[in-house]
Amino acid sequence: MEENAEIYRPSPVVVEAANIKEYNQLYKYSVENREDFWAEQAEKLFWHKRWDKVLDDSRKPFYKWFVGAKTNIISNAIDRHLATATRNKLAIIWEGEPGDVRTFSYHALNREVSQMANILKAMGVQKGHIVTIYMPQVPEQVFAMLACAKIGAAHSVVYGGFSHEALAERINDAKSRVVLTADGGFRRGKPTQLKEIVNKALEHTPTVEVCITVRRTGQETFMENDRDYWLHDLKALPIASPRCETEVMDAEDMLFLLYTSGSTGKPKGLVHTHGGYQVYTSTTHRMAFDIKDEDRFWCAADPGWITGHSYITYAPLINGSTIFLYEGAPNHPYPDRWWKMVEKYGINILYTSPTAIRGLMRFGESWPKKHDLSGLRLLGSVGEPINPEAWKWYHRLVGGGNCPIIDTWWQTETGGFMICPLPITPLKPGSATRPFFGNEIAVVDDHGVEVQPGHEGNLVIKNPWPGMARTIFNDPERFRKTYWERFESQGWYHPGDSAKMDKDGYFWIIGRSDDVLKVSGYRLGTAEVESALVGHPAVAEAAAIGLPHELKGNSIHCFVLLKTGAAPSRALEDELKKQVADQLGAIARPEEVHFVESLPKTRSGKIMRRVLRAQALGQDLGDISTLEE
Ligand code: PRX
């Protein structure tokens, strides 16, 4: 595909407006003087005390950044703006699915966050505690994250689409005492039952003493005495003062942990910290999205994923942008809901996923054409490789042919963009282009030797960067093993993606090379799906694989070996699909469940998913010398 990819050069208008007009020289400087480059970016922020050392690499791979510095990300995301004209600028414009609108200036945001911070303190939350947040897309979700950070507590946001089992597992791993939630949110015209899910989860979470609920939908929900409080009741009490001191933290103190799927059944809580993360996210956002003071920035992800953490909540607020948030489904009540809001609010930058674009594409060209989208200046993409067809549709119909597409490759673990263009970068549809400043990235074979341009290999990152996750919560050894063991002698980070680099140094991401799946841009472990299946009394063994899907990128296909006595049936197939959806959330619902007589295994008993996949796709089975039967 890449050999003859079309090249889209930026228009003179884009180049004229761009804050950074040259990539190569600055890139060279940034990798040759990495610590200076990052120190210069860090100097744009406020620090309670300056760092003694930019990078401490004495305990690889447990790197530390801005060592000795005192800071709090809230000092930069909110406090700093209150002393400038940004104080009265809009920080958040939010539209609910039914069409209700709420707006908050930076001044108002500070009051909301301070109130929530004081409530958390009154509930006994202290510096170092971990608060779990399980919310729909309402402004309070963002306030809750910021409130935790403000008082030095870490947040663990669990995506509101996850099941009660998944929620309970994450609460227990983090040992949260306090959970923040809402009665529900609106999705396709209907209220979701969020608090009911929390109620079920809290039957299995011995550490939780307090649950605070936002009233969003007004539906009836069970509230347990001495555990459950409505946020609006607490806000009316004297404890909820709108003034609160921001806690001064060490640069390396934990800001949040965020669970993501890996190749085993147990989700990993990746730890991010105040200092490096604020520098990395704000720099990547400012440079790649060429942020101007007047921008209205819409990252259409859920705040519950890393994209929402970095590019809804933190980076745009640090950069003093106005962010837009929308609660519901993109096609409700009609497929032009997004385009209507882009026009209505004068959005300048839209950042979304290939799955969302493909989903809106299928309704045809007439929907975006009904609206004046000329206020858009830049478009972004994230979460999975974008197919050139979707790229071109996005570029032509949404961007009017004038907006560069900033395709950003990164991960929960990286904190921010690792490979992405700048607005001035010539683009090739489907390629995330070149490394972000400071990063040396390569495609190598299993021995760490760089492969020829155009050949597939392992993507590796050769250097530390300030936004990198510091560890896996409670499991530093798993952190080392998962990401650093593969290329240990070289000291490279191994993200688990396979990729190609072309002769121009452009990266083309192919997909995950491990047992992780990207379904509609969501990350799932095959092992999680398999253990949900094996939890069913009729199932002896199961294997899950991803197969290409037109809309979702990948969909889940399961192969199930039944216990003796159990018989395959349509009803059982549906039951198994439901079992997975109930345990992991609706996004994990398998596309198909196939009943089989045996599963391909190695002699040591490992299921060879690769063989199942090749078979399903009618491909050559490859090396099957280790196959037992
Ligand atoms: O496979 C890559 C894919 O998403 C993975 C990371 O998933 P997650 O931690 O959930 O973070 C998603 C949002 C940052 C990567 O290992 N991925 C992410 N962005 C891209 C991508 N694949 C291709 N192109 C991208 N732009």
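In the predicted model, the secondary structure of the protein comes to 19 helices and 30 strands. The radius of gyration is 24 Å, close to the 25 Å that the globule rule gives for 629 residues, and the protein is therefore as compact as a globular protein of that length. Taken along the principal axes, the box filled by the C-alpha atoms has dimensions of roughly 70 × 60 × 55 Å.

Of the 629 residues in the protein, 61% are buried, which is to say that their relative accessible area is under 20%. When contacts between residues at least 6 apart in sequence are considered, 71% of these contacts are found to join residues at least 24 apart. The accessible surface of the protein amounts to about 24,500 Å², and carbon and sulfur atoms account for 50% of this surface.

At a local level, strand S24, which covers residues 497-501, and strand S25, which covers residues 507-512, run antiparallel and are joined by 5 bridges. Within this pairing, Lys-500 stands opposite Trp-508, a residue of S25. The two strands, S24 and S25, form a hairpin in which 5 residues lie between them, and in the turn of this hairpin Gly-505 has a positive phi of about 80 degrees.

Note on methods: Residues numbered from 1 in each chain as written. Predicted model: local features only at pLDDT ≥ 70, side-chain atom pairs only at ≥ 80, totals over all residues. Heavy atoms only, no water. Pairing = 2+ DSSP bridges. Helix = DSSP H or I, 4+ residues; strand = E, 2+ residues; numbered from the N terminus. Rg over C-alpha atoms; globule rule 2.2 N^0.38 Å. Buried < 20%, exposed > 50% of the residue type's maximum accessible area, 1.4 Å probe, protein only. Contact = heavy atoms within 4.5 Å. Areas by Shrake-Rupley, 256 points an atom, 1.4 Å probe, with all protein chains shown as cover.
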